Amino acid sequence: MQRTRSEPLIRTTGLHHIYREGTSYALDGIDLEIEAGEYIAVVGANGSGKSTLLMHLNALLLPTSGDVMIAGMNTKNNQWLREIRSMVGMVFQSPDTQIIATIVEEDVAFGPENIGVPEQELRHRVVQALRAVGLYKLRKRPSHLLSAGQKQLLAIASALAMHPRCLVLDEATSMLDPASRRSFLETLAHLHRQGMTIVCSTHNMDEAALAQRIIVLSKGKVIADGNPNAIFSRRELLVLANIEPPSSLRLAEKIGEYLYGFYSSALTITGLADEVDAYLRNKGSYDQ
C-alpha cells in the first residue's frame, strides 16, 4: 500500500467518537492538521473531549465516523497499527496504567525490545531516556517503590525510548511537584527544538502558553485554534471554554490597577517582570 508523503504528520477529518449508543458525541466533527515539529496544547474544561482526541492520535481509539491519518496511515487499517504506535508515543495522566516491568530500566526497555531493537541500541535508548527525565540513578529501583511523580517520569521515559516522531501527553505533568514539572517542561522544550512534534492536553494555562499553538475544545468541538497570544486575548472565548488566562495575564491586570496606563500581554512571569521594569524606568525618566 502506497503512503502519501505530502500529508501533514497528523490529520483528522470529520472525526466523531461516541462511547455508548444513545449518548452525545465525545468528539463531534473534528478537522485538524498537525505538521511535523509543531508544539501544540489542547485545552478545555473537563468533558470537552481532550483525552478522547489524544487517544485517537495513536489508535488507542478508532473513529465512530471520520478518519485519523498519521503520516498518511489511516488508524482504521490494522496494517499500520504497530508503525503508528511506534511513531506516536503516548503518556497518560495516571502512570500506573503504563508501567509494566518491576524494575525501572526494564520498563523503559520493554517497548523497544518488543519491536526488535538490537541489544546495544536498546541499552543506549534506555540510558538516554532515563537521563532525559532525571531517573538514571534510579534505574535499578523496583518501579512500585517510586513516588507518584517518579512513576510519571518513568512513563515519559518509556515513551521516549521508542524514539517517536510525536509525543502525545494527556495531563502528563499533573502528578509532578513544581521542580519536576519545570525539569520536564525543559525536557519537552529540548525535544521540540530537536524536531519532535509535541501534542499535550493540560488544565494549566501557564503550560499551554509555552506551546506554539493552542487548540480549544468545548463539548467535543474545536471552538478556537491559534497562537497563545491570539487565544488568550479573547475574553469571551475563555469564558465559553471555562478556562482562565495564564497567571502572568491575571497578575498584569492587577498591576494595571495600581500602575496607571500599564498593560502587558506577556505570557510568562519573566516577560511580565521585564515589562514592569521597563514601565517603571520610563516613568522615572518622565518625572525627571
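Predicted model: local features only at pLDDT ≥ 70, side-chain atom pairs only at ≥ 80, totals over all residues.
Trainee: With the side chain of which residue does the side chain of threonine 202 make a polar contact?
Mentor: A polar contact is a pair of N or O atoms within 3.5 Å; within protein, one must be able to donate a hydrogen and the other to accept it, and residues adjacent in sequence count only if both atoms are side-chain atoms. Beyond four places in sequence, threonine 202 touches Val42, Val43, Glu171, Glu207 and Ala208, contact meaning heavy atoms within 4.5 Å. The polar contact, at 3.4 Å, is with the side chain of glutamate 207.

Trainee: Does threonine 202 count as buried or exposed?
Mentor: Buried means under 20% relative accessible area, exposed over 50%, and partly exposed in between (1.4 Å probe, protein chains only). The relative accessibility of threonine 202 is 3%, so this residue counts as buried.

Trainee: How many of the 13 residues of α5 are buried?
Mentor: The buried residues of α5 include Gly149, Lys151 and Gln152, and the buried residues of this helix pack against β6 (88–91), α3 (104–114), α4 (119–133), β7 (166–170) and α6 (178–193). Helix α5 is largely enclosed by the rest of the structure, because the number of its 13 residues that are buried is eleven.

Trainee: What length does α5 reach from its first C-alpha to its last?
Mentor: The expected span of a helix is 1.5 Å times one less than its number of residues. For α5, with 13 residues, the expected value is 18 Å, and the span in the model, which is close to that, is 19 Å.

Trainee: How far apart in space are proline 228 and histidine 16, C-alpha to C-alpha?
Mentor: Proline 228 is in helix α8, and at a relative accessible area of 7% this proline is buried. Its contacts, leaving aside neighbours within four places in sequence, include Ala208, Gln212 and Leu267. Proline 228 and histidine 16 are 212 residues apart in sequence, and their separation in space is 26 Å.

Trainee: Which element gives the largest share of the lining of the largest pocket?
Mentor: On a 1 Å grid over the protein atoms alone, a cavity is a set of points where a 1.4 Å probe fits but cannot get out, and a pocket is an open set with protein on both sides within 12 Å along at least five of seven lines; lining residues have an atom within 4 Å of a point. The largest pocket has a volume of about 610 Å³, a volume being the space filled by probe spheres set on points joined across faces, edges and corners. Its lining has 24 residues, of which Arg85, Met90, Gln98, Gly111 and Met162 lie nearest the centre. The largest share, six residues, comes from α3.

Trainee: Which element gives the largest share of the lining of the second largest pocket?
Mentor: The second largest pocket holds about 360 Å³ of space and is lined by 17 residues, of which Arg235, Leu249, Glu253, Tyr263 and Ser264 lie nearest its centre. Two or more residues come from each of α8 (228–232) and α10 (247–256). The largest share, six residues, comes from α10.

Trainee: Which element gives the most to the lining of the largest cavity?
Mentor: There are two cavities of 30 Å³ or more, and the largest has a volume of about 70 Å³. Its lining includes Tyr39, Thr202 and Glu207. The most, three residues, is given by α6.

Trainee: What is the volume of the second largest cavity?
Mentor: The lining of the second largest cavity includes Ile10, Leu32, Val42 and Ile215, with at least two residues each from β1 (10–17) and β2 (27–34). The volume of the second largest cavity is about 40 Å³.

Terms used. Residues numbered from 1 in each chain as written. Heavy atoms only, no water. Helix = DSSP H or I, 4+ residues; strand = E, 2+ residues; numbered from the N terminus.
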